Amino acid sequence: MIRPRRSLLFMPGSNARALEKARLLPADGLILDLEDAVAPDAKAAARDQIATAVAAKGYGHREVLVRINALDSPWWRDDIAMAAKVGPDGILVPKVSSIEDIAAIAERLTELDADPAIRVWIMIETARGVLHAEELAAQTHIAGTRLAGFVFGPNDISRETGIRMLPGRATMIPMISHCILAARAHGLVVLDGPYSDIANVDGFAQECAQARDLGFDGKTLIHPGQIDACNATFTPPAEDVAQARAILAAFERPENAGRGAIQLDGRMVERLHAEIAKKTIAIADAIERAGR
Ligand SMILES: CC(C)(COP(=O)(O)OP(=O)(O)OC[C@H]1O[C@@H](n2cnc3c(N)ncnc32)[C@H](O)[C@@H]1OP(=O)(O)O)[C@@H](O)C(=O)NCCC(=O)NCCSC(=O)C[C@H](O)C(=O)O
Ligand SMILES: [Mg+2]
């Protein structure tokens, strides 16, 4: 079943107040972080704290992901073991660059006999990850990889490559589009990276609208103050939902049964628009079910 992924809020696993507060925040998902938001000497305590928070099952309909440490770190194996034990909806793996990385994650999950319901999300945030995006996405067809989606990571890309993060993101758009195409070619979900300038409300709103228009399913966030604007941008407008229902109703009429293209309110509508309409309605219904 489709679920809304308009807004996924990152929070440091070391921040008990944030983990508690997240129970009531209107984000569609939560990413409990063990990687960059947690200092090396706080990793073990953060892991225990996340385990307790996830096991308590207090996050309701929100999708819960645990971002583990990167595969070249000393922590990732213990991070995955914790996730396999407490069962979040998924793990998010940073800095994935090759199909060998995806195989290593799958192997570790198998070794731990992890519940098959735990999905794997990968961050596309290295030069190699971007270059191999299509090959990585194609791994979703290999049994046991559990691959559900991509999360774009602009900060690490900028750090590694020297490509600057500028307002409007002109420098990043080619690789963003490349990642979105790769994800879509293999039916994966794809989420935008975070916007760090928390105080810049207008800049954030513009980046959300741009993310939606570029084709992202939603955006990852770093502060609760970003949730409402993000949800509003990625929620299909009521008029789009009404139009989608009208398109489906029109194709269901007996006189249109054998037709590929029809006229509706002065516009040409094809069966491909009915497919788009079904997705719009499914997302709107999922948002309504989640009560946000
Ligand atoms: C950026 C922050 C450190 C700011 O924290 P703070 O100064 O405490 O903010 P506020 O005083 O405005 O907070 C108000 C209340 O909201 C709670 N809060 C703040 N942030 C969060 C959050 N993310 N989740 C849940 N709750 C949050 C505060 O506790 C306050 O609560 P109250 O006590 O009721 O007033 C902080 O926002 C933060 O840590 N953000 C997340 C940082 C993070 O997770 N970073 C990693 C992801 S981004 C990334 O890794 C980049 C990517 O990989 C790439 O390469 O691009
Ligand atoms: Mg990163």
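Visitor: Is A42 buried, exposed or partly exposed, and how many other C-beta atoms lie within 10 Å?

Guide: This is a predicted model. Burial is read from a neighbour count: 20 or more other C-beta atoms within 10 Å make a residue buried, and 12 or fewer make it exposed. A42 has 16 such atoms within 10 Å, so A42 is partly exposed.

Visitor: Where does A42 lie?

Guide: A42 sits in the loop between β2 and α2. For a distance across the model, take A42 and G193: they are 151 residues apart along the chain, and their C-alpha atoms are separated by 24 Å.

Visitor: Why can strand β2 be called largely enclosed by the rest of the structure?

Guide: Apply the burial count to each residue of the strand. Strand β2 covers residues 29-33, and five of the five are buried, so β2 is largely enclosed by the rest of the structure.

Visitor: Which residues of β2 point one way and which the other way?

Guide: G29, I31 and D33 point one way, while L30 and L32 point the other way. The residues on both sides of β2 are buried.

Visitor: Which strands are joined to β2 by bridges?

Guide: Pairing is read from the bridges between two strands. Strand β1, residues 7-12, is joined to β2 by five bridges, and the two run parallel. In this pair, F10 stands opposite I31. From β1 the chain passes through helix α1, residues 16-21, to reach β2, and this β-α-β crossover is right-handed.

Visitor: And how many bridges join β2 to β3?

Guide: Five bridges join β2 to strand β3, residues 63-67, and these strands also run parallel. The bridge partner of L30 in β3 is V64. Here the chain crosses from β2 through helix α2, residues 43-55, to β3, again in a right-handed β-α-β crossover.

Visitor: What does the radius of gyration say about the whole protein?

Guide: The value is set against a rule for globules. With 292 residues, a compact globule would have a radius of gyration near 19 Å, and the 20 Å of the protein agrees with this. Along the principal axes, the C-alpha atoms fill a box of roughly 65 × 45 × 40 Å.

Visitor: How many helices and strands does the protein have, and what share of its residues is buried?

Guide: There are 12 helices and 10 strands. Buried residues account for 41% of the 292 residues. Of the contacts between residues at least 6 apart in sequence, 74% join residues at least 24 apart.

Note on methods:
Residues are numbered from 1 along each chain as its sequence is written. Chains are lettered from A and ligands numbered from 1 in the order in which they are written. This is a predicted model: local features need pLDDT of at least 70, side-chain atom pairs count only at pLDDT 80 or more; totals for chains, interfaces and linings use all residues. Helices (H or I, at least four residues) and strands (E, at least two) are DSSP runs, numbered from the N terminus. The radius of gyration is taken over C-alpha atoms; the globule rule is 2.2 Å times the number of residues to the power 0.38. Two residues are in contact if their C-beta atoms, placed from the backbone, lie within 7 Å. Two strands pair if DSSP finds at least two bridges between them. A crossover is right-handed if, with the strands pointing away from the viewer, the path from the first strand over the helix to the second runs clockwise.
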